[in-house]
Amino acid sequence: MGINAHAKVLKLEPVTLSKTMSAPTLQLEKVTRTFQQGEQEISVLKQVSLIIQPGEIVALVGASGAGKTTLLQVAGLLELPTAGSIRMSDHVCEQLDDNARTLLRRQYIGFVYQFHHLLPEFSALENVMLPQLIAGASKAAAKLEAEAFLERMGLSHRLSHRPKKLSGGEQQRVAIARALVNKPRILLADEPTGNLDDETAQTVFEEMLTLVRNTGLSALIATHNLELAQKMDRTVKLQGGVLSDL
Ligand SMILES: Nc1ncnc2c1ncn2[C@@H]1O[C@H](COP(=O)(O)OP(=O)(O)OP(=O)(O)O)[C@@H](O)[C@H]1O
Ligand SMILES: [Mg+2]
C-alpha cells in the first residue's frame, strides 16, 4: 500500500482541542489498574495520582514489572484504567468514546517505545510524513515538516533509508521525530533508549530532551537509568503499585 492509501485508511475528522494552556497537560487521579490472572487479581497501579504541567519533563522509574509500561499505556489512552480519572487539559478522557479517544491521542500525545515500531516498507522520511497525512496535511507540507524534524535529529543524510538500513540509534531518532512531528502536547516514552548501547543511548536521549525542551511540550519518560532520569525536571517512582516522588 502507498503512503497516501495508508494514511487514508487511518483518517478521522480532527477534534477541537482545549485552548486552556494553563490547565495541567496530564492529570491522573487515583488511577487503578488491575489484571485478572486466573483466580487472582493483580493490582499493578494502586490509586496512582500524577500531575504534569505544561513544559514539565518527568522521569518515571521503578523495577522491572513495577508497572511503568502499564502506567504509560493508561496515560496514553491505549488502555482504560480499572478505576480513577485521566484528564488532558480539560478533557475528561473516560467520558470519551473510542473514536474521540483515538483522535485525542493522535493530536495530543506523541509515543516513543523501546523498540522503534517504524513501518518497514516506508522510508525514514515517509514514516515521519505519515502521522501528518493522517491528520490531514498535504503531501508537500508533510514532506517539508518531516525533513525539518529529521534534520533536527541529525538525519538529513538518511531520509530515503528504510528502517532496516538504519542503525538502532538512527531508528530511534526517526521514531522520536515521528512522535513529535504533529506537535503533540505531551511525549510519552517507554524506555526510549533501552535498546541502545550506553554511549548511543546517552546521545539520543540528550537529543530527544533538547527537542522536547525547545518545543516546550511536556513529557513522561520511563527509564531504568537514574543518570538519565536526573536530566529531567523531576522523578517519580513506582513501587508496589504506588507512585511517589523520588
Ligand atoms: N495484559 C496483562 N495481563 C496480566 N498481567 C499484566 C498485563 N500487562 C502487564 N501485566 C503485569 O503487570 C505488571 C507490570 O508490568 P509492566 O509491563 O507495566 O512493568 P514495567 O515496569 O514496564 O516493567 P519493565 O521495566 O520490565 O518494562 C507485571 O507483573 C506484568 O506481568
Ligand atoms: Mg515496561
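Me: Which residues surround ligand 1?
Reply: This is a predicted model, in which local features need pLDDT of at least 70 and side-chain atom pairs count only at pLDDT 80 or more, while totals for chains, interfaces and linings use all residues. Residues are numbered from 1 along each chain as its sequence is written, and chains are lettered from A and ligands numbered from 1 in the order in which they are written. A residue is taken as near a molecule or strand if its C-beta atom, placed from the backbone, lies within 6 Å of it. The shell of ligand 1 is then F35, Q37, I42, V44, G62, S64, G65, A66, G67, K68, T69 and T70.

Me: Which element gives the largest share of the shell around ligand 1?
Reply: Helices (H or I, at least four residues) and strands (E, at least two) are DSSP runs, numbered from the N terminus. β1 (26–37), β2 (40–52) and α2 (68–75) each give two or more residues to the shell. The largest share, 3 residues, comes from α2.

Me: How many residues of the shell around ligand 1 are charged?
Reply: Ala, Val, Leu, Ile, Met, Phe, Trp, Tyr, Cys and Pro count as nonpolar, Asp, Glu, Lys and Arg as charged, and the others, Gly among them, as polar. The shell holds 4 nonpolar and 7 polar residues, and the number charged is 1.

Me: Which residue in β5 stands opposite M88?
Reply: Two strands pair if DSSP finds at least two bridges between them. β4 (residues 83–88) and β5 (residues 91–92) pair in the antiparallel sense over 2 bridges. They form a hairpin with 2 residues between them, and S89 in the turn has a positive phi of about 45°. Opposite M88 stands H91.

Me: Which strands stand at the edges of the open sheet?
Reply: The sheet has 6 strands in the order β6-β7-β8-β3-β9-β10, with mixed pairing. Each edge strand has a single partner, so one side of it is left without a neighbour in the sheet; these strands are β6 (109–112) and β10 (242–245).

Me: At what angle does α2 run to β7?
Reply: Axes are lines fitted to C-alpha atoms, for helices over the stretch in contact, and angles run from 0 to 180 degrees between N-to-C directions. Contact requires that the C-beta atoms of two residues, placed from the backbone, lie within 7 Å. α2 lies across β3 (57–61), β7, β8 and β9 (234–239), and its angle to β7 is about 150°.
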